[in-house]
Amino acid sequence: MPVVRRFRRVAPLLVLALLLVGCETEGPRSTLHPVGYVAEQQLDLLIWTTWLSVGVVALVAGVLGYAIFRFRSRYTGDKDAIPNQVHGSVPLEITWTLIPVIIVILVAVPTVRTIFETEVRVQPQESDVLVHVTGYQWWWKFEYPELGIVTANELHVPVGTRVVLDLDSADVLHSFWVPKLAGKRDMIPNQENQLWLIADEEGIYWGHCAELCLGAHAYMRFRVIVESEEEYQAWVESFQEVQVQASQEERQAIQPVQNNELIQEGRTLFAQKGCIGCHSNANFGPGYGSPDFPNLTNFGLRNTVAAGVLENTHENLTAWIRDPQAIKPGNYMPTLWQEDDPDALEEASAIAAYLLSLGIEGEQQAQANAVGGTNGDR
């Protein structure tokens, strides 16, 4: 059965081809299409070492193939013939000693150069954006110390500007990674690490924890939102308007809430259900919440909910508030209602409407409500 034998020989190659077809090179987490200086340098190094490896493999395979063909017994016609022995040949000993040394140099020089260009700790300059990043099980806190902004799971940065990230962990070993912008960096409790990046194009780039930090690790996502300088400044001002005032007027509702019955009910439930005991929110002023839980100030400006798991729509947010364990098993957000509570969905919907109103002007909120309360498409 020669056909069957040939098929057995090529079957592994067919399986490999099918597996390679499933690989995605342009996905949101692909490192093969960088949009920032650091990621570009790292990709250039990867391409160089890959082609170098291909050359080495081709050279070794070529020499091996030549030896197998040239010195096979049928070629000489004498099965007992022994090829000329090269043991002790000085020229060959020097050659196959020098070749590995040259290969190591070809790998080491560009690697060390790339490390010093992209991985060394830098001193933040006045033109940089400085952000303190803390990893929690399983979400991210982003604090802009020079701007007085604290937010969660979405990092806003201006295009073309160096962003210096001080990295820390509040519990276990995490790893900050935005594949299109820079390589990953570990976040270790009580040890500050640093990562810097520059984004060359506006857009939203996916980030993820690159460590296996247990539980809901797979849902520990975030977004880096790269925008124009004007859009970034508008985002900064939207926070400073509420957070700076909050430090001056204690326990006073300062963030505007639209004159909407559902939103007002949601604000009341937000306090009654105990949400304010964990989540800081400038709408309630200082003194509420904990720094160890996501700050919900201007929550309506966010694109995602549950650390990047869902688009931030009214429907998704309601489902998240109603039963967070069903969406993200193992997270620390409690379920606020009994399973058979007839008011659960309605109350969760009101809280969702209230949160989506934060940071959004009244007219904008009315438009969002008119199309189903979606914020995810903005």
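**Close-up views of the predicted model**

**View 1. Helix H9 and the glycine after it.** Gly 359 follows helix H9 and has a positive phi, near 90°. This is a predicted model, in which local features need pLDDT of at least 70, side-chain atom pairs count only at pLDDT 80 or more, and totals for chains, interfaces and linings use all residues. Residues are numbered from 1 along each chain as its sequence is written, and side-chain values use heavy atoms, with hydrogens and water left out. Elements are DSSP runs numbered from the N terminus: helices are H or I with at least four residues, strands are E with at least two. H9 covers residues 344-357, and its end C-alpha atoms are 20 Å apart. Most of H9 is covered, with 12 of its 14 residues buried (under 20% relative accessible area; exposed is over 50%, partly exposed in between; 1.4 Å probe, protein chains only). Among the buried residues are Glu 347, Ile 351, Tyr 354 and Leu 355.

**View 2. The largest pocket.** Its volume is about 580 Å³ (the space filled by probe spheres set on grid points, joined across faces, edges and corners). On a 1 Å grid over the protein atoms alone, a pocket is an open set of points with protein on both sides within 12 Å along at least five of seven lines; a cavity is a set where a 1.4 Å probe fits but cannot get out; lining residues have an atom within 4 Å of a point. The pocket lining has 35 residues. His 279, Pro 294, Trp 320, Asn 331 and Met 333 lie nearest the pocket centre. Strand E11 (304-305), helix H7 (314-322) and H9 each give two or more residues to this lining. H7 gives the most, with three. By class, 23 lining residues are nonpolar, six polar and six charged (nonpolar: Ala, Val, Leu, Ile, Met, Phe, Trp, Tyr, Cys and Pro; charged: Asp, Glu, Lys and Arg; polar: the others, Gly among them).

**View 3. The largest cavity.** The structure holds one cavity of 30 Å³ or more. The largest cavity has a volume of about 40 Å³. Its lining consists of Thr 151, Glu 154, His 156, Trp 235, Phe 239, Asn 298, Leu 301 and Arg 302. The lining splits into three nonpolar, three polar and two charged residues.

View 4. Ser 175 sits in strand E6, residues 174-178. Its relative accessibility is 0%, so Ser 175 counts as buried. Its side chain joins that of Asp 186 through a polar contact of 3.3 Å (N or O atoms within 3.5 Å, within protein one able to donate a hydrogen and the other to accept it; residues adjacent in sequence count only if both atoms are side-chain atoms). Gln 194 belongs to strand E8, residues 193-198. Gln 194 is buried too, with a relative accessible area of 7%. A polar atom of the Gln 194 side chain lies 2.7 Å from the backbone nitrogen of Val 122.

**View 5. Cysteines without disulfides.** A search of the whole structure finds zero disulfides (cysteine sulfur pairs within 2.5 Å). For Cys 209, the nearest cysteine sulfur belongs to Cys 213, 3.7 Å away. Cys 209 is buried, at 3% relative accessibility. For Cys 278, the nearest cysteine sulfur is that of Cys 275, 8.3 Å away. Cys 278 is partly exposed, at 30% relative accessibility.

Methods. Expected span 1.5 Å × (residues − 1).
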